[in-house]
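Visitor: I have a structure open and would like to talk through some of its packing. Could you take my questions as they come?

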Amino acid sequence: MSGLPLLLARRYFHGRRQGAGNAATTFSILGIAVGVMTLTVILAVMNGFQLGFIESIVEVSSYHLQLTPPRGAAAAVPPADVARMRSTRGVTAVVPFVERQALIESVLQRPRACVVRAVPPDLLALDPVQARMLAPVSGQFDLRAGAARASADAPGPGVFMGAELAAVLGVRAGEPVVLVSYGTGPGGHPVARRDSFVLTGTFRTGYYDFDSGLAFISLEAADALYGGGEALPRTWGVKLANRFSDAGPLAAISAAVAGTGYTAESWRTYNRSFFDALAVEKLMMMLLVGLIFLVVGFNVFHSLRRSVHERMEEIAVLKAVGVPPRRIRLTFILQGLFIGVAGAAGGLAVGLLVAVNVNEVFAGVDLLVNAAVFAVRTLALSMNGASGGFEIFSPTAFYLTSVPSRVLPQEAFLVAFFAVGSCVAAAVAASRAVSRFRPAEVLRYE
C-alpha cells in the first residue's frame, strides 16, 4: 500500500489533463511556467546590469581592499610591508594611487568636472583585471612625462581618460588638454594651477560615471600638481583572487601595516548605500513578479479542492477499506507537486534559453516591429519622411551597446523551488477536506 498515493496521484493527474479539470490543470502549469520564465529572464538582465556596475566600481575605483592614510599626515607604507602585502595568500595586485577632484578643458570646450586618479605608469601590468576593464578604445595607456603631441611640438605629461569625457571635450589621442586644479604653493598654501597634458588614449568601461568623469595621470605628475614637488601620501588598492573571500587577506594586511597609521577596509564597506539599493531593487522585483505564484497557488488550491469533492465516493471507499487519511491526502499533495514540477521545469528551460539569447530576442522584436511599420507605411503610401528604425534599447536613449545578461544558477533554481513550493502549499491546504469525509455518510447516499 506504500505506493498507492503515487499510483493514484499519477492516475488523477493524467485524468485531469486529458478529461475533467483539463483547463484548470493546464492553466496552472502555464501560470507557473510563465512566472518562472519571466522571473528568470528579469533576474538575469538585472544581474547583468547590477554586476556590471559593481564590478566596474570594485575593479576600477574602490579595489577589493583599500589602505587609507591618516588624514593630514604624510604617512607612507614601508617597501617591506608592501612586499608582505603582495605575498599575502589570495592577493593578486597591490597598487598605490592618489585621487583628486579637478576641472579639465580643451581648446574647444569649457572646463568639465572630473575625478583625476594618479597611478603608476605600469598600472595595467600591475593589475591585469584593470587592464581588461580599461582596455584602450583609442590611443594607448601612456602616462609618462614627455608624451608626444600631435598638434604641437612641445611634449607634455600624458593623461588617459574616459571616451565620453574625451567626446565632450572634443579631443582625440595626441591632442592637448588643460587640467585646472588647486596645488600646494610656497609655505604650503593652496594655489590655483593650470597644467597642460596630452591625451594619450581613451577607455570605455560601460559605467557612464567613469567613462564621462574619470582621468588617469601619473603619480609623479600628481606630486608636482598637488604636493609642491613632494610625494603625496598614497592610498593603496589591493585586488584579490576572490573578492568574496576577503576576511583572511583583510586581517593579514591589517597586521602588515600595523603601526603605520593606515586603516584597511573591505570593498563591502565602499558604496554601501549603492550596493544596498541594488539589492533592495532586486528583492522588490522578485516579490512583485513572484506574486504570480500566489495567484497560481490559489488556482491550484481551488482546482484540487474541486478534485477532492468530485472524488468523494472514491475517498470514502478508500477510507472504508482502511487507507489512512494521510495517505489519501498525500495523493492530492503529489498532484500539486506534479503541477509545480511540470510548470517550473518548462518555465526554467525557456527562461534560461531566453536569458542566454536576450540580445537576439530583442533584435527579433526590433525586426518584427520595423517590418510591421514598413508594411503599414507601404500600404498607406506614406514612405516619404519615414524616420529611422525602431530599437527597444536605442543607443540614443540608453548607454548600451548590448543588453547584459548573467544567469546565477542558485537564483534560477531558487525561483523554481518557490514555484513548486507554492503549488505544494496549495495542495496541502486543499487536501485538508479529505479529513472531513465520513465513509458511512458518503456511501449512504450513493
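Visitor: Which residues in H12 meet which residues in H14?
Guide: Before the list, please note that this is a predicted model, in which local features need pLDDT of at least 70 and side-chain atom pairs count only at pLDDT 80 or more, while totals for chains, interfaces and linings use all residues. Residues are numbered from 1 along each chain as its sequence is written, and side-chain values use heavy atoms, with hydrogens and water left out. On the H12 side the residues are Arg329, Phe332, Ile333, Gly336, Leu337, Ile339, Gly340, Val341, Ala344, Leu348 and Leu352, and they meet Ala412, Phe413, Ala416, Ala419, Val420, Cys423, Val424, Ala427, Val428 and Ser431 in H14. Contact here means heavy atoms within 4.5 Å, and helices (H or I, at least four residues) and strands (E, at least two) are DSSP runs numbered from the N terminus.

Visitor: At what angle do H12 and H14 pack?
Guide: Helix H12 (residues 325–356) packs against H14 at about 155 degrees, with the axes 8 Å apart; axes are lines fitted to C-alpha atoms, for helices over the stretch in contact, and angles run from 0 to 180 degrees between N-to-C directions. H12 and H14 are therefore roughly antiparallel to each other, given that angles under 35 degrees count as roughly parallel, over 145 as roughly antiparallel, 65 to 115 as roughly perpendicular and the rest as oblique.

Visitor: And how do H10 and H14 pack?
Guide: Helix H10 (residues 272–310) and helix H14 (residues 409–431) have their axes 8 Å apart at an angle of about 30 degrees, which makes H10 roughly parallel to H14.

Visitor: Is Glu411 buried or exposed?
Guide: Glu411, found in helix H14, has 16% relative accessibility and so counts as buried, where buried means under 20% relative accessible area, exposed over 50% and partly exposed in between (1.4 Å probe, protein chains only). Leaving aside residues up to four places away in sequence, Glu411 touches Leu43, Asn47 and Lys282.

Visitor: Switching to rings, how many aromatic pairs are there?
Guide: A search of the whole structure finds 11 aromatic pairs. One of them is Tyr63 with Phe97, whose ring centres are 5.5 Å apart and whose planes are at 15 degrees, so the pair is stacked. Rings of Phe, Tyr and Trp (its six-membered ring) pair if their centres lie within 6.5 Å, and planes under 30 degrees apart count as stacked, over 60 as edge-to-face and the rest as tilted.

Visitor: Where do Tyr63 and Phe97 sit in the chain?
Guide: Tyr63 is in the loop between helix H2 (22–62) and strand S1 (65–68), whereas Phe97 is in strand S2 (residues 91–105), so to speak of this pair is to speak of a link between distant parts of the chain, 34 residues apart. Tyr63 counts as buried at 0% relative accessibility, and Phe97 counts as buried at 4%.

Visitor: What sits over the ring of Phe97?
Guide: The charged end of Arg117 does, 4.1 Å from the ring centre; the criterion is that NZ of Lys or CZ of Arg is within 6 Å of the ring centre and within 35 degrees of the ring normal. Arg100 lies over the face of Tyr226, at 5.5 Å from the ring centre.

Visitor: Which residues form an aromatic cluster?
Guide: Phe141, Phe160, Phe203 and Phe216 form one.
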